[in-house]
Amino acid sequence: MLFALAITALVLVPVVVTFSSFAQVDGDILAHLTEFVLPELVGNTLWLVLGVGIGVSVLGVSLAWLTAMCDFPGRRLFDWALLLPLALPAYVTAFVAIGLLDFTGPLQTWLRAGWGITGLPEIRSRGGVILVMSLALYPYVYLIAKNAFATQGAIALEAAQSLGLSRWQGFFRVALPMARPWIAAGLMLALMETLADFGTMAIFNYDTFTTAIYKAWYNLFSLPAAAQLASILILFVLVAVVFEQRSRTRMRYGAVGRSAAQRRIRLSPVRAGLAFLYAGAVLAIAFLIPVMQLALWARTVLADDLDSRYWDFAWHSVLLAGIGALMVVAVALLLAYAGRQRPGTAITWTQRLATLGYAFPGAVLAVGLFIPVAALDNWLIDRGRSWFGFGGTEILKGTLLVMLLAYLVRFLAVGFGPIDSGLHRITRSIDEAARNLGSSTTALLTRVHLPILRASLLTAATLTFVDIMKEMPITLMTRPFGWDTLAVRVFEMTSEGEWERAALPSLAIVVAGIIPIILLTWRGARPLD
Amino acid sequence: MAELILDSVSQSYTARQIIADLSFTLPEGTIGCLLGPSGCGKTTALRCISGFEPIQTGEIRIGGEVVSRPGWMLPAEKRRVGMVFQDYALFPHLSVADNVGFGLRGQPSTERLARIDELLALVGLAGHAGQFPHQLSGGQQQRVALARALAPRPRLILMDEPFSNLDVELRERLSLEVRDILKRETTTALIVTHDQHEAFALADWVGVMHEGRIQQWDTPYNLYHEPANRFVADFVGQGALLSGEVINDHLVEIELGVLNGHIPVECGARGCDECVRNCHVDVLLRPDDIVHDDDSLLLAEVENKAFRGAEFLYTLKLPSGQRALSLVPSHHNHAIGEKIGIKLAVDHVVAFRRE
């Protein structure tokens, strides 16, 4: 319980720190912020949230309905393949889209040269950002909505039809409203990711809070400004969190029954063809084409770039992701056990708070954890100087500490989910049975708990590992000197517009990202349940 | 195999069900049963014996060794008490054979394997050694759980509602099988259940529990025929209480006539010697104590009837308005509202002092 509270405190530190930044206001910077930066940021963010919200809902719900409820060629394949874009970080989709569709990109060049067509809409625009983010994030809505439709869609539709509604009416008047809590939960996750996204926004040069925090940090060298921006971003995020949590409670009450083997709607050949084309187009645009383009680009630079530096990036990524994953799994395990040891409302709430970090954008966490660690650092240096004559400027700042803490806070929920549900499978009577058969506590843990939890631990570690590999803002803002990772490399290359050279590290990230999707599909598990 | 003794055991702070002043002795090699409605404390009693709940007063002895007393208990893993859980609690990651062998660690592997084979044969699952729990039916899982508990040759086996997750037909067959298995292993066993048929089929000794106390610890036969109090009379078997008046130590007068018990009338506590003339009592009449006889002048109105195949169970309304039950061969099919002749066939009188 104490441990759980400590974790919760760690999660709340960034929030408290960023809000307390208003205590020390830098007048000039604040004036600059409110006058020039904020209006644009808020406008940009609202447009983005609105656009991506509509985009992921339409894509996610329509594809979920098709694969869960209808039968058309390739449905089984699409059922899991439509999740593949999850493996592609939005910033990768983003630079591929720009590389392909920009004025100088192959498509426009070809159109101009061959057909004399010009005046295609500019990809580096608000519309472009929204499109890319929607394509990258629709799987969140798709996955959860698919589960909702699969469990209650058929019953809802049959009930509606028995009451004299057509199928379309049944979908809009019964099935869709019934699935609303699920769709809302998926939507909120997608929007949290949108608010947290840094890489895509940087590539598109679309100013939102995350990029502004980064600029305040690196260009203005103003921690308070960064923190103040972070606190405003948290307000946006908290709105999403509240909606998400509310949808989740309603999901629990809303679950009606399970239709084990449901009858799918048979589409007419024309409609089935259209469904195939639609799902195929989404899959191609959101995953296949970008990956192929990455591969093509990567081939052109393979000879030059596949040097020792590349392996350094890869090694750093793997090392950080590995340490981070182990840390997350260890803490998640302890947190889950705390709940098992003393079940009750207090511990449940503590667990919920402790795993709230998934909602906090990486940029916010970087700022919110750097400030207290820096303060602790200064205090330690002062003490060190007065007590031991220690000379130096940083003890903790220059280490991996801030980065790993930020990973822990951000990805604890990812590790906690599978471990907690795994632990719930070990009932109290299983413990007692082992005891009655003469097991000591150690034997109970090694002979019963560990083997039963092994798969859950593996899932948790894999998911966390891949998430950390993809992570950009925390790594970028808090890495110690010389700790460049694949994601950092992608950022550096894309900020110089060198798409080909960004492709190679991206490809490695994507390949790693496919692993958990295969894992999820095989085990039929749901990542965020 | 060992004798189990509970000596005025109480427990009220950690569990939701409390037990108060619980005492009984289960002789070595016999099967005992704690029978009672849910919430009566029987599961708590079991958990105290298995070593998962501390006790506040009294002591628990297994084979003469004290295993629990206030402020101290022998850890569950050192008690050598086997337990079969209501949900079986099989280890999902182990095969049937490994489940059974779980408690045999530390033994030479030949002995271990021999014991596993022996037990799987005993519970009739010899061909299933390599399967995993989720591949088995409920009844098979139950038998694996029993084999697993028996494997380390515990001093005592405890079973918590062992058949409650099974369907009725299987329940009856398995309870006989389990009795057979336990007897063959000559194990002392204590079973908790709310189902009296199960208790009667399995147990040599049954303790009826109510509100944390044992109301009566006796053989199934005696529980039915000589219930110690109203609760036991009501909970075990069917019957009706009719008001009566004591005439002398062998005779009681009720609405239907004078009952002559072959044994002295006992009301209230056993051996009550306050039963004197004019003492008001309630007399227990089991359905087989009232016999249908068309020639009888005693008439009662059929108020309800339940068809049981070989017989009808009639609910009868007596002239005074009191109700009684009667078991009648099913060719005597009478309509509801009809008045039928009855007569008493009471072997011995069970009476409780009017409260």
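Which residue of β10(B) does Gly32(B) stand opposite? Keep that question open for a moment, and bear in mind throughout the tour that this is a predicted model.

**Stop 1: strand β3 of chain B**

Select residues 31-35 of chain B, which form strand β3, and colour them by burial: 5 of the 5 residues are buried, so the strand is mostly covered. In a regular strand the side chains alternate between the two faces of the sheet. Here Ile31(B), Cys33(B) and Leu35(B) point one way, while Gly32(B) and Leu34(B) point the other way, and all are buried.

Strand β9 (residues 189-193) of chain B runs parallel to β3(B) and is joined to it by 5 bridges, with Ala189(B) as the bridge partner of Ile31(B). Strand β10 (residues 205-210) of chain B also pairs with β3(B) in the parallel sense, over 4 bridges, and this is where the opening question is settled, for the residue opposite Gly32(B) is Trp205(B).

**Stop 2: an open antiparallel sheet in chain B**

Next select β2, β1, β4, β5 and β6 of chain B, which in that order make up an open sheet of 5 strands with antiparallel pairing. β2 (19-26) and β6 (72-73) stand at the edges, and because each has a single partner strand, one side of each is left without a neighbour in the sheet.

Two residues of chain B deserve a look at their backbone angles. Most residues other than glycine have a negative phi, and most peptide bonds are trans. Asp21(B), which has its place in strand β2, has a positive phi of about 50° although it is not a glycine, and it counts as partly exposed because 14 C-beta neighbours lie inside 10 Å. Arg80(B), in the loop between β6 and β7 (81-84) of chain B, likewise is not a glycine and has a positive phi, of about 55°; with 21 C-beta neighbours inside 10 Å, Arg80(B) counts as buried.

**Stop 3**

In soluble globular proteins, nonpolar side chains tend to be buried together. Select Val141(A), Ala145(A), Ile213(A), Ala332(A) and Val367(A), the residues with the most contacts inside the largest nonpolar core, which has 169 residues. Helix α6 (residues 126-162) of chain A gives the most to this core, with 20 residues. Centre the view on Ile213(A), which, leaving aside its neighbours within four places in sequence, is in contact with Ala226(A), Leu229(A), Ala230(A), Ala363(A) and Val367(A). A second, separate core of 105 residues can be found by selecting Leu22(B), Ala97(B), Val144(B) and Ile290(B), which are among its members.

**Stop 3: helices of chain A**

Select helix α4 (residues 90-101) and helix α12 (residues 269-305) of chain A, whose axes come within 10 Å and cross at roughly 75°, which makes α4(A) roughly perpendicular to α12(A). Where the two helices meet, α4(A) brings Val92(A), Thr93(A), Val96(A) and Leu100(A), and α12(A) brings Pro290(A), Gln293(A) and Leu294(A). By class, this contact has 5 nonpolar, 2 polar and no charged residues.

Then move to Leu333(A) in helix α13 (residues 308-341) of chain A, which is buried, with 21 other C-beta atoms within 10 Å. Leu333(A) and Leu453(A) are 120 residues apart in sequence, yet their C-alpha atoms are 9.9 Å apart in space.

**Stop 4: where the chains touch**

Finally, display both chains together and select their contact, which takes 14 residues from chain A and 16 residues from chain B. On the chain A side, α17 (428-436) and α18 (441-470) each supply at least two residues, and α17(A) gives the most, with 6 residues. The residues of chain A that touch chain B divide into 6 nonpolar, 6 polar and 2 charged.

Conventions:
Residues are numbered from 1 along each chain as its sequence is written. Chains are lettered from A and ligands numbered from 1 in the order in which they are written. This is a predicted model: local features need pLDDT of at least 70, side-chain atom pairs count only at pLDDT 80 or more; totals for chains, interfaces and linings use all residues. A nonpolar core is a set of buried Ala, Val, Leu, Ile, Met, Phe, Trp, Tyr and Cys residues joined through C-beta atoms within 7 Å. A residue is buried if 20 or more other C-beta atoms lie within 10 Å of its own, exposed if 12 or fewer, and partly exposed in between; C-beta atoms are placed from the backbone. Two residues are in contact if their C-beta atoms, placed from the backbone, lie within 7 Å. Ala, Val, Leu, Ile, Met, Phe, Trp, Tyr, Cys and Pro count as nonpolar, Asp, Glu, Lys and Arg as charged, and the others, Gly among them, as polar. Axes are lines fitted to C-alpha atoms, for helices over the stretch in contact, and angles run from 0 to 180 degrees between N-to-C directions. Angles under 35 degrees count as roughly parallel, over 145 as roughly antiparallel, 65 to 115 as roughly perpendicular and the rest as oblique. Two strands pair if DSSP finds at least two bridges between them.
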